[in-house]
Amino acid sequence: MNGVSILKDASEIVHYNNPNIPVYLKERWLSSYTNMEALCHWHEDIEYVKALKGHMVYYVNGEKLQISEKDALIVNARQMHYGFSEDKTDCYFACIVFRLHLLCTNPELTEKFIQPIAGHPNLPYIYLRADNPAEAEIIRLFDTACEDCRGQYGGYELMMISRLTAAWVELYRLLRPELLSCSTVFEEDLSVQRNMVSFIYKNYAMKLSLNDIAAAGNTCRSKCCRIFKKYLNKTPIDFLNAYRLEVSMRLLTDTSMNITEIALSCGFQSPSYYAEIFRQHKGCTPSHYRIRQANGFGS
């Protein structure tokens, strides 16, 4: 999870490349994530992700989307999302995350061009296809913004912002017919899901049951399971264990705590159960993982 930190409400703090400029760029293989899967999260930023080599799957508010090679996806602000490999093939992807106020600070222009997209209740994401000329132009502009950020030549910041702004203009033109018909549909299940995920992130170190997780969403066990399946394609307990495992990996890498201490501090009932879950996800024991990290072999 380099570059981001997950808060207790399941949102991310994005550690921008330059703290004074709210843009974060990364290029990475999906295999760098545990089990080739990122953690479910949301943030106030816009996220653009493009599959450079191979393909990947994104879940956005429970909808599964395959991002084909050279295509891209824009995830709107405050949407629950995560990416993963469904068929266990790897994907090299580029991702740029940015705050909308970077594009425009003028209230009138923000209201006219930014908010109709960012605040639209029926636009959790926009899929961009490389074989569609209008959509390909948006991809090109985002890609050149990524190149500016990577190159960091003199004045690159202004060029990057100008390309992101131009991409947003093209996006507005593309979506304008849809923006004229805005409804106010509120998906209650999504709010329930956020509450339950937030509860897990706050209380993962405690002994948690399915009843506890369901109660956090003020719902019953069966609906809790249906909502996790809908939005995350996991059972609540599988999601809980996946987050515990993610925290434990940081402790293995960054602390000298022993395996038993790590297991118990992350909410696993015993070191043996922790080792079993770890082996299922990582293909090795926690001790072996720690040694590999210490020797610089990565995950």
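Me: What makes strand S9 (residues 92-98) largely enclosed by the rest of the structure?
Reply: Six of the seven residues of S9 are buried, so the strand counts as largely enclosed. Buried means under 20% relative accessible area, exposed over 50%, and partly exposed in between, with a 1.4 Å probe and protein chains only. A strand is a DSSP run of E with at least two residues, and a helix is a run of H or I with at least four, both numbered from the N terminus. The model is predicted: local features need pLDDT of at least 70 and side-chain atom pairs count only at pLDDT 80 or more, while totals for chains, interfaces and linings use all residues. Residues are numbered from 1 along each chain as its sequence is written, and side-chain values use heavy atoms, with hydrogens and water left out.

Me: How do you know that S9 pairs with strand S3 (residues 23-29) and with strand S4 (residues 46-53)?
Reply: Two strands pair if DSSP finds at least two bridges between them. Seven bridges join S3 to S9, and seven join S4 to S9, so both meet the requirement of at least two. S3 runs antiparallel to S9, as does S4. Tyr-24 stands opposite Val-97 in S9, and Ala-51 stands opposite Phe-93 in S9.

Me: What makes strand S5 (residues 56-60) and strand S6 (residues 63-67) a hairpin?
Reply: S5 and S6 pair in the antiparallel sense over five bridges, with two residues between them. In the turn, Asn-61 has a positive phi of about 50°. Within the pairing, Lys-64 in S6 is the bridge partner of Tyr-59.

Me: How do you know that the length of helix H7 (residues 236-254) agrees with its number of residues?
Reply: The expected span of a helix is 1.5 Å times one less than its number of residues. For the 19 residues of H7 this gives 27 Å, and the end C-alpha atoms are 27 Å apart, so the two values agree.

Me: Why is H7 called mostly covered?
Reply: Of the 19 residues of H7, 14 are buried.

Me: Are Phe-113 and Tyr-172 buried or partly exposed, and what makes them so?
Reply: Phe-113 has 29% relative accessibility and therefore counts as partly exposed. Tyr-172, at 14%, counts as buried.

Me: What makes Tyr-274 and Phe-278 an edge-to-face pair?
Reply: Their ring centres are 5.8 Å apart and their planes are at 75°. Both residues lie in helix H9 (residues 271-282), four residues apart, about one turn of the helix. An α-helix has 3.6 residues a turn, so residues three or four places apart point the same way. Tyr-274 is buried, with a relative accessible area of 0%, and Phe-278 is buried at 0%.

Me: How do you know that the charged end of Arg-194 sits over the ring of Trp-42?
Reply: A charge sits over a ring if NZ of Lys or CZ of Arg is within 6 Å of the ring centre and within 35 degrees of the ring normal. The charged end of Arg-194 is 5.9 Å from the centre of the Trp-42 ring.

Me: What makes a set of residues a nonpolar core, and how many residues has the largest?
Reply: A nonpolar core is a set of buried Ala, Val, Leu, Ile, Met, Phe, Trp, Tyr and Cys residues joined through side-chain atoms within 4.5 Å. The largest has 41 residues, and those with the most contacts inside it include Tyr-201, Phe-228 and Tyr-274. H7 gives the largest share of this core, eight residues. A second, separate core of 34 residues includes Ile-117, Ile-126, Cys-149 and Met-160.

How values were computed. Rings of Phe, Tyr and Trp (its six-membered ring) pair if their centres lie within 6.5 Å; planes under 30 degrees apart count as stacked, over 60 as edge-to-face and the rest as tilted.
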